[in-house]
Amino acid sequence: MANPANLIPVNIITGFLGSGKTTLLQALLGSPAFADTAVLINEFGEVGLDHHLLEEIDKETVLLQSGCICCTIRGDLKDAIRDLYSKREQGKIPAFRRLVVETTGLADPAPILSTITSESVIRHHFRLGNVIATVDAVNGILHMDRQPESLKQAAIADRIVLTKTDIATPEQSAAVTKRIKQLNPTAAIIEAAHGAAEPSLLLAHDVHDEKHKVEEINRWLQVASEDHHRAHDHEHAHGAQNVNPHDERIQAHALTFDQPMDWTAFGIWLTMLLQSRGEDVLRVKGILNVVDVDTPVIIHGVQHIVHPPSHLKRWPDDDCRSRVVFIVRDIEKSEIERSLVAFNLLSALV
Amino acid sequence: MCSLCGLLGEDHWTDMTAHADAFGGKPSRTRRHERLYRVSLINKILDFYSLRLDDWQGQSFVLSSGTGNTEIVDNLMAVWPAAELMIGRKLDPMDSNLLARLDARSTQH
């Protein structure tokens, strides 16, 4: 498998209809730091880039003033990415170092992620970067309540950009933020009134970025710590195990395992879980204390897709236990815990 | 990922295990040992469904049922859909009956 550092990162920008994907994309394309980015959109008209066009390479591809390449997706995403890479290799377009794919508002991002990580040619040249979801501060709760696509987009995102905060009331913004944190506590939430957001935080800072890997892991572990304290308080108050304040179908569970993890048993367990309940396992993020390995191993997955695991050079804090956050639909924390603990003991049966 | 993790030339994430400096595995555990260890663990699960897995020339796996059905699968992820087809239902790792069986066997050991 190719070293992720040598692969071209692909960011997905998703979000419900009218939630501000286009505005965000325009702002990102204007950033000099990301001038060597290629963008795949559904049609030029959506983005309103016409006044930025510098050169039309062909009917589907233009070179923007910023240096970015912008292409429309004609038909299949797989063909669009392959074609883009082919043009890059032939020198027909500049050698872009990042690809951004904007989904339609009604898209389930999971198949797009799967194309990038599983397609036989694409996966050897590209890797998945941060998934960015835009959520409208005014209508976000309505969208999440009524549109399952909107809920899923936010649940699997690594970054959530809260848009239209300039026209939302503070109460609306606070309510959406609270809802997002319940749904996906591992995602960074960034407010962006007019698409103005720190491009590096959105696009580049991920678990494959050596400079920001630990920062990203710490964000996940913070959730585990907060969940532990909430669970502790909740148990004292009610004697119950469920730490989620609302009876939502999608829940985030943070689990800590005292016993080191048998990597082989973990692989058996997670692949079996993803086969049987993959549609309900929206995210898995965490670090594992693996048997016979001194340094922590990062595990990171979206539905059926599991990123190649990677190492951290050292533990990010004094706690050397395995800590994993699961964002799941209709699966209880106790079910995951009991199952994984049992599988981790498989080696004792051999 | 360290450069050693990809040395097997395999793509599935669960395959990144065999090197001592990679994930798990004692220094003495070779790729062959790792595959056999994996097969032995997975059979503890498949036994509950009256299925069995064997390594096939270090490249693939052969899944067999008690009724004589066999299928060659490439990697761990492919074991489960093949097993589902053989038994006609999903294999759920959170199945309380499966977990009770594992618990009982752990106690026996």
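Trainee: Which residues line the largest cavity?
Mentor: This is a predicted model, where local features need pLDDT of at least 70 and side-chain atom pairs pLDDT 80 or more, while totals for chains, interfaces and linings use all residues. Residues count from 1 along each chain as written, chains are lettered from A and ligands numbered from 1 in written order, and side-chain values use heavy atoms without hydrogens or water. A cavity is a set of points, on a 1 Å grid over the protein atoms alone, where a 1.4 Å probe fits but cannot get out, and lining residues have an atom within 4 Å of a point. The lining is A:Leu128, A:Gly129, A:Asn130, A:Asp158, A:Asp206, A:Val207, A:His208, A:Glu216, A:Trp220, A:His300 and A:His307.

Trainee: Which element gives the largest share of that lining?
Mentor: Two elements of chain A each give two or more residues to the lining of the largest cavity: strand E7 (126–136) and helix H9 (213–238). Helices (H or I, at least four residues) and strands (E, at least two) are DSSP runs numbered from the N terminus. The largest share, 3 residues, belongs to E7(A).

Trainee: Where does the largest cavity lie, and why?
Mentor: Domain bounds come from an automatic or database assignment. Both domains of chain A give residues to the lining, so the largest cavity lies between domain 1 (4–203) and domain 2 (213–342).

Trainee: What volume does the largest cavity have?
Mentor: The structure holds 7 cavities of 30 Å³ or more. A volume is the space filled by probe spheres set on grid points, which are joined across faces, edges and corners. For the largest cavity, the volume is about 60 Å³.

Trainee: Let's turn to helices. At what angle do H10(A) and H11(A) pack?
Mentor: H10 (residues 263–277) and H11 (residues 333–344) of chain A have axes 8 Å apart. Axes are lines fitted to C-alpha atoms over the stretch in contact, with angles from 0 to 180 degrees between N-to-C directions. The angle is about 140°.

Trainee: What word describes how H10(A) lies to H1(B)?
Mentor: H10(A) packs against H1 (residues 31–46) of chain B at about 50°, with axes 10 Å apart. Under 35 degrees is roughly parallel, over 145 roughly antiparallel, 65 to 115 roughly perpendicular, and the rest oblique. The pair is therefore oblique.

Technical notes: On a 1 Å grid over the protein atoms alone, a cavity is a set of points where a 1.4 Å probe fits but cannot get out, and a pocket is an open set with protein on both sides within 12 Å along at least five of seven lines; lining residues have an atom within 4 Å of a point.
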